Amino acid sequence: MSSVSIIATREYRQIATTRGFWITLLLVPLAILASTLVTRLAAAPRDVVYTIVDMSGRYAASLDRRVEVDYQRRGLSEVAAYAQAWRIKPGPIAAAWSDGPSWYNDDRIDRFIAMGGVEAAGRAVNAHRPHGAPEFLTPQRMYRDVALPSGLDDGDPVAFGAVLNRLFQTNIPTPSGPRTLALAIYIPKDFGAGSSPVRMWTNGSSVTPLIDTMREELARAARRDALGHDGLSTEETYRVERLAVPMQVIDPPAGGGRDGLIIRSIVPLALVYLLLVTMMTTGGMLLQGMIEERSNKLLESLLACVSPSELMYGKLVGLGAVGLTIILFWAACAIAAVSTSAGIVTTILRPSLSALDQPWIVAALIFYFLSGYLIISMIYLAIGSVCSSIQEAQAFLMPVMVVITLPVLALVTTSVSNPGSMFAKVMSWIPIYTPFAMLARLVTGVTMSEVQGTAALVLGFIWLESILLGRLFEANLLNTGQPPTLVSVIRMMGRRS
Amino acid sequence: MAVLMLDRVVKRFGEFTAVDELSFSVPEGGVFGFLGGNGAGKTTSLRMVLDILRPTTGTIEVLGKPPSRENSTQLGFLPEERGLYRRMTVLDTVVYFGRLKGMKRDAARKSAMALIERFDLVPWARQAVDKLSKGMSQKVQLAAALVNAPRLVILDEPFSGLDPLNQDILEDVVRELARNGSTVVFSTHIMQHAERLCDRMLFLARGRKVFEGGQEDARRAVPARLTMVSRVSPIGLPGVSRVSLAESLADGWNLWDVGLAPDVVPGDILEICTAQSFPLRDFTVHSPSLHDVFLRLVGPGNGR
């Protein structure tokens with residue numbers, strides 16, 4: 001076993017046996033899982049209960065229908081997205097979404113409702129779902145109309161308002177369980193003709209979207225009434241209202257477009273973030289180890305047995321192994337999540353992993369991750385080789401991290417909003433940013449020549465960086481006292497041994 | 001055969017010359033003292049021997065070869081400033097250094113355990129180093145230096161920071177190594193250790209060699225101090241260069257501190273006193289200690 005591998009093994013064990021390393025390693029999958037659960041919990045609010053007292057007898061049905069149509073439209077969108085993601089064609093009901101979301105107008109929703117609506121569509125896609133696909137869950141209703149106990153809804157608005165305070169604090173039985181009333185709407189007998197306003201009472205909770213829906217539907221009804229007074233028949237007003245502009249929106253094919261781009265970019269972009277997170281954590285450990293060797297006066301004993309370059313390469317190989325462990329562990333977590341779980345994790349992860357369908361993309365992802373890891377690790381090693389305490393190291397580390405992190409974060413944003421931007425392309429050819437830029441752009445359309453060119457650039461840069469770092473190691477490892485100035489560091493790097 | 005040979009070695013750091021035209025050789029076996037004050041160039045010279053530093057000019061041979069890490073399989077080195085990986089266990093630390101010196105895992109482990117026993121560290125063998133006292137940590141470091149049963153052991157200020165008990169243990173180890181055929185080179189500025197251990201020694205002052213040889217040679221390099229009790233001042237005796245009255249005694253007798261001219265030994269003065277019937281009540285030769293030799297050779301005005 002060579003000295004390099006003995007040192008590498010020790011470096012690996014030094015980092016891999018720390019609690020901090022395993023906490024970082026486990027924290028990422030756990031954080032993803034936790035955020036998924038939180039998102040799911042946050043996405044499942046309790047339904048809002050409302051009631052309509054329609055003294056005119058003409059508008060309540062229309063308002064309820066609007067709520068139902070909006071619910072079915074949302075359901076149609078979700079079932080269509082689910083069917084598209086899992087490539088399910090569940091028979092005739094698929095016609096409801098075959099033209100894409102731009103065609104989900106009221107006529108289309110009416111036909112969808114006639115076919116059984118979201119409940120029927122849910123049953124159909126679940127009957128055809130492939131192995132590993134999570135069950136499609138029918139979206140929860142956001143609003144539910146409840147009837148009030150008889151006798152409460154036949155008074156005047158003032159009397160009605162007076163009894164609401166009690167109703168707002170009393171549980172009312174609904175199909176989804178007991179709920180307190182959130183919104184009460186009172187439509188006067190002469191709505192549309194007189195000046196009496198529609199009155200709405202809330203229990204103080206935020207029901208603005210529902211109020212807006214009600215307001216729009218009542219305004220629409222008032223306009224229909226006005227047109228009726230002008231001699232237009234009810235059918236005619238509905239026909240005019242539903243008039244659809246003939247147009248065709250061409251959506252990208254399944255998996256294409258911005259949504260597809262985001263889904264396909266999840267793994268590479270996650271690797272960019274993880275590379276940063278990993279570097280912050282293991283880089284800190286590396287720096288601490290290096291400073292321990294310097295401050296503990298260990299280096300002289302080591303350098304009596306191995307050369308500075310063997311020590312440096314040992315550390316780099318050890319670090320590379322740590323990086324590989326991280327990537328393999330997270331990959332194993334992702335695969336385990338996809339193959340064992342049927343939750344929202346797999347809904348996102350499966351299509352994003354399926355974007356990595358070509359071996360060269362996987363190889364490039366691993367290459368850029370490891371090369372990025374090595375490039376930044378060597379910067380940490382360089383800082384560690386000139387500092388004798390963490391405090392000294394912080395002075396160097398802070399500006400270096402700012403220079404690395406800020407452009408990388410800008411790059412991630414740009415890579416999704418504008419993958420072909422000049423900024424992303426230029427960053428791909430600045431070696432310190434190349435791994436990040438190429439990871440971010442890898443599935444958004446880079447050419448093979450770009451991959452080959454940047455890979456050669458990165459390898460060349462790593463080679464140069466290791467030579468310069470080797471010189472710094474040789475010149476400075478046993479120095480004590482104040483850390484050298486930037487000028488003397490540059491001089492040390494320029495000097496051959 | 002010389003296990004270590006330096007020939008006109010110079011080491012400069014910019015304008016500063018740390019080691020200047022240093023030449024000496026260390027024969028195989030025995031204990032060689034590398035003596036000098038702080039900043040004399042001892043550590044720089046030893047680092048060149050270990051190939052941690054390269055000489056500006058001159059040649060070095062270690063075990064018949066130029067300095068390189070290949071020699072580390074037969075070298076043991078204990079640096080002046082010592083440190084260990086705090087979270088590594090005692091056993092792992094010693095095995096790690098054994099492996100870096102080219103030992104197989106099993107051999108390194110066996111040798112490490114033997115040294116851990118030798119230094120009474122068995123109860124702490126699987127403890128992390130940061131749980132040990134300073135004295136125990138230094139034993140671990142010594143074990144790491146000796147794990148490969150080295151032919152040449154280089155100890156840079158090995159006694160610094162050790163309590164008297166551990167100093168005695170280390171002296172025993174040095175003697176044991178020499179008895180078992182290893183050559184020990186150690187640097188120090190504490191002459192008592194050198195006096196007890198060294199067969200041969202070299203004095204270094206400001207980067208230059210000022211003496212190389214055995215202990216008796218070293219003592220001879222410094223004029224002996226003579227005291228005489230007589231009524232008359234011995235200043236007129238041939239070979240006496242300086243006389244000072246140290247103490248007035250009873251009945252007119254005086255204690256004189258006598259300095260001798262170069263190349264004059266105390267026996268010559270005694271012979272002259274006898275021949276001239278010079279009355280004496282006491283004639284004492286004070287042989288110089290290594291401490292005196294050190295002060296004389298390495299003190300201000302010596303070396304560069």
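Student: In which sense do β11(B) and strand β12 of chain B pair, and over how many bridges?

Tutor: In this predicted model, strands count as paired if at least two bridges are found between them. Here β11(B) and β12, which covers residues 254-260 of chain B, are joined by seven bridges in the antiparallel sense, and within this pair R242(B) stands opposite G259(B) of β12(B).

Student: Which strands form the sheet, and in what order?

Tutor: The sheet is an open one of four strands in chain B, ordered β11-β12-β10-β13 with antiparallel pairing. Its edges are β11 (240-248) and β13 (282-286) of chain B, each of which pairs on one side only, and from one strand to the next the twist averages 20°.

Student: How many residues of chain A are in contact with chain B?

Tutor: Residues are in contact if their C-beta atoms lie within 7 Å. By that rule, 15 residues of chain A are in contact with 19 residues of chain B. On the side of chain A that touches chain B, α1 (3-16) and α10 (299-303) of chain A are the elements that give two or more residues, and by class this side has seven nonpolar, four polar and four charged residues.

Student: Which residues touch the most other members of the largest nonpolar core?

Tutor: A nonpolar core joins buried residues through their C-beta atoms. The largest has 147 residues, and among those touching the most other members are V272(A), L439(A) and V94(B), while helix α13 (residues 359-386) of chain A gives the most to this core, with 16 residues. Leaving aside neighbours within four places in sequence, V94(B) is in contact with residues including A112(B), L115(B) and V147(B). A second, separate core of 20 residues includes I52(A) and M214(A).

Technical notes
Residues numbered from 1 in each chain as written. Chains lettered and ligands numbered in written order. Predicted model: local features only at pLDDT ≥ 70, side-chain atom pairs only at ≥ 80, totals over all residues. Axes fitted to C-alpha atoms, helices over the stretch in contact; angles between N-to-C directions. Contact = placed C-beta atoms within 7 Å. Nonpolar A, V, L, I, M, F, W, Y, C, P; charged D, E, K, R; others polar. Core = buried A, V, L, I, M, F, W, Y, C linked by C-beta atoms within 7 Å. Buried ≥ 20, exposed ≤ 12 C-beta atoms within 10 Å, placed from the backbone.
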